[in-house]
Amino acid sequence: MTAEHSSSNPLSTASTPPVADNPQKKKSNRSKILGILFALVVFSWLIYRVAQHWRDILPNVDKISLLDAFSASILFAIFLVTFRMITWWRIIAGLGHPLPFRPALRIWTSSELARYVGSGISQMLGRVYLCKPYGVDAGSASASQILELILFLLANILVAVSCMLWLGVKIHGQARVWFFIACALIPLLLLTLHPNIFYGLLNRVLRKFRKAEVQKHLPAATLLLLLAWNVLGLFFQGSAIWLLVHKPLGLKPQHWWVVTGAYCLAWMAGFIAVWAQAGLGVREPVFVLAAWVALPFSVRLTLKNPKVLLDFLSILLRLWATVGELMLATLAYFLDYRGAIGATPPPDLPDR
């Protein structure tokens with residue numbers, strides 16, 4: 001019997017060994033499941049504590065107005081566009097791939113929301129895939145996202161450390177661990193941003209995977225300007241957080257440093273905790289710990305069960321951020337719906 005006939009014989013498949021499962025895929029799925037379970041446990045604990053002491057914090061919760069919550073979400077969406085998305089847009093243009101604003105906004109928001117359903121690697125691969133129709137190679141797309149995240153992580157650390165030092169708070173407990181991690185990461189991230197080190201490591205990885213190397217480099221001066229822009233953006237974000245939580249906590253305008261520093265430290269912790277998707281289950285308890293030690297003593301005295309109130313606000317801030325991201329994603333797809341469905345070819349590319 002010829003090879004051609006044997007390949008068409010259905011009985012021949014019985015002797016064919018089954019294809020082995022991909023161990024990397026299994027490991028990724030296992031990590032994702034563990035991350036989801038971890039988040040469920042933490043959120044269940046927070047909700048249990050809030051429900052148990054709901055009567056104690058209800059008078060403070062009632063002070064939150066829908067107008068303040070909606071306004072804070074709009075401010076957060078503005079922050080995402082003006083500071084975070086613009087940073088990535090500037091980086092990708094500096095790497096030789098200037099994108100139109102509307103597709104860039106859609107690509108950025110899509111990959112940001114992807115972190116809720118996938119790992120950081122899948123988020124990066126998603127942005128590479130979305131950028132591909134616009135002529136952006138995988139190396140440049142990856143480099144732009146890594147640079148954006150390093151700048152934003154460093155900005156969060158600088159703001160968190162500065163706020164805590166400015167407030168003169170004595171960090172203790174688990175919050176102290178994250179504070180020391182933040183301090184240790186500052187010189188490491190600054191060193192990583194050095195063009196020779198960053199592009200050297202990146203191109204080595206790209207060569208290993210037989211991908212085109214990144215030839216165009218952003219100068220250090222541009223990266224420092226973008227870092228300053230991110231720091232300014234976090235101050236803007238802090239004002240939105242203060243608008244949302246100042247009434248239940250009884251915070252005066254000069255106390256906006258408290259929630260700004262606590263939220264930045266919590267975001268850093270959620271980012272570093274790679275097992276937690278989008279920092280779920282990590283960002284919330286770290287915010288509670290940091291905000292608790294940063295709250296002025298005079299404010300604590302006016303609150304009944306302040307730790308449980310902070311538990312509730314940590315959940316509220318997660319919902320607030322998610323609503324802001326969804327609002328921005330909706331706007332992005334509305335503005336570029338033709339590009340999203342592939343009806344409009346990218347500039348300088350032939351019709352598909």
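This is a predicted model: local features need pLDDT of at least 70, side-chain atom pairs count only at pLDDT 80 or more; totals for chains, interfaces and linings use all residues.

Mentor: Residues are numbered from 1 along each chain as its sequence is written, and side-chain values use heavy atoms, with hydrogens and water left out.

Trainee: How many helices and strands does the protein chain come to?
Mentor: The protein chain has 15 helices and zero strands. Both are DSSP runs numbered from the N terminus, helices being H or I with at least four residues and strands E with at least two.

Trainee: What share of the residues counts as buried?
Mentor: Of the 352 residues in the protein chain, 47% are buried. Buried means under 20% relative accessible area, exposed means over 50%, and partly exposed is in between, with a 1.4 Å probe and protein chains only.

Trainee: Which residues touch the most other members of the largest nonpolar core?
Mentor: I157, L249, L313 and W320, in a core of 100 residues. Helix α7 (residues 138–167) gives the largest share of this core, 15 residues. A nonpolar core here is a set of buried Ala, Val, Leu, Ile, Met, Phe, Trp, Tyr and Cys residues joined through side-chain atoms within 4.5 Å.

Trainee: What is L249 in contact with, leaving aside neighbours within four places in sequence?
Mentor: V259, V299, L303, L309, L310 and L313. Contact means heavy atoms within 4.5 Å.

Trainee: What does the second, separate core include?
Mentor: That core has six residues, among them A39, F43, L46 and I315. L46 lies in helix α2 (residues 23–52) and is buried, with a relative accessible area of 4%. Apart from neighbours within four places in sequence, L46 is in contact with E284, D311, S314 and I315. L46 and S314 are 268 residues apart along the chain, yet their C-alpha atoms are separated by 9.0 Å.

Trainee: New topic. How do α5 and α14 pack?
Mentor: Helix α5 (residues 101–113) and helix α14 (residues 306–335) pack at an angle of about 145°, with axes 9 Å apart. The axes are lines fitted to C-alpha atoms, for helices over the stretch in contact, and angles run from 0 to 180 degrees between N-to-C directions.

Trainee: Which residues make the contact?
Mentor: On α5, R102, L105, R106, W108, T109, S110 and L113; on α14, E325, L326, L328, A329, A332, Y333 and L335.

Trainee: Back to single residues. Where does S142 sit, and is S142 buried or exposed?
Mentor: S142 is in helix α7, and at 13% relative accessibility S142 counts as buried. Leaving out neighbours within four places in sequence, S142 is in contact with M124 and V128.

Trainee: What about phi of N305?
Mentor: Phi of N305 is near 60°, a positive value in a residue other than glycine. Most residues other than glycine have a negative phi. N305 lies in the loop between α13 (297–301) and α14 and counts as partly exposed, at 24% relative accessibility.

Trainee: Last one: where is D62?
Mentor: D62 is in the loop between α3 (54–61) and α4 (66–94). D62 is exposed, with a relative accessible area of 57%. D62 and K247 are 185 residues apart in sequence and 9.2 Å apart in space, C-alpha to C-alpha.
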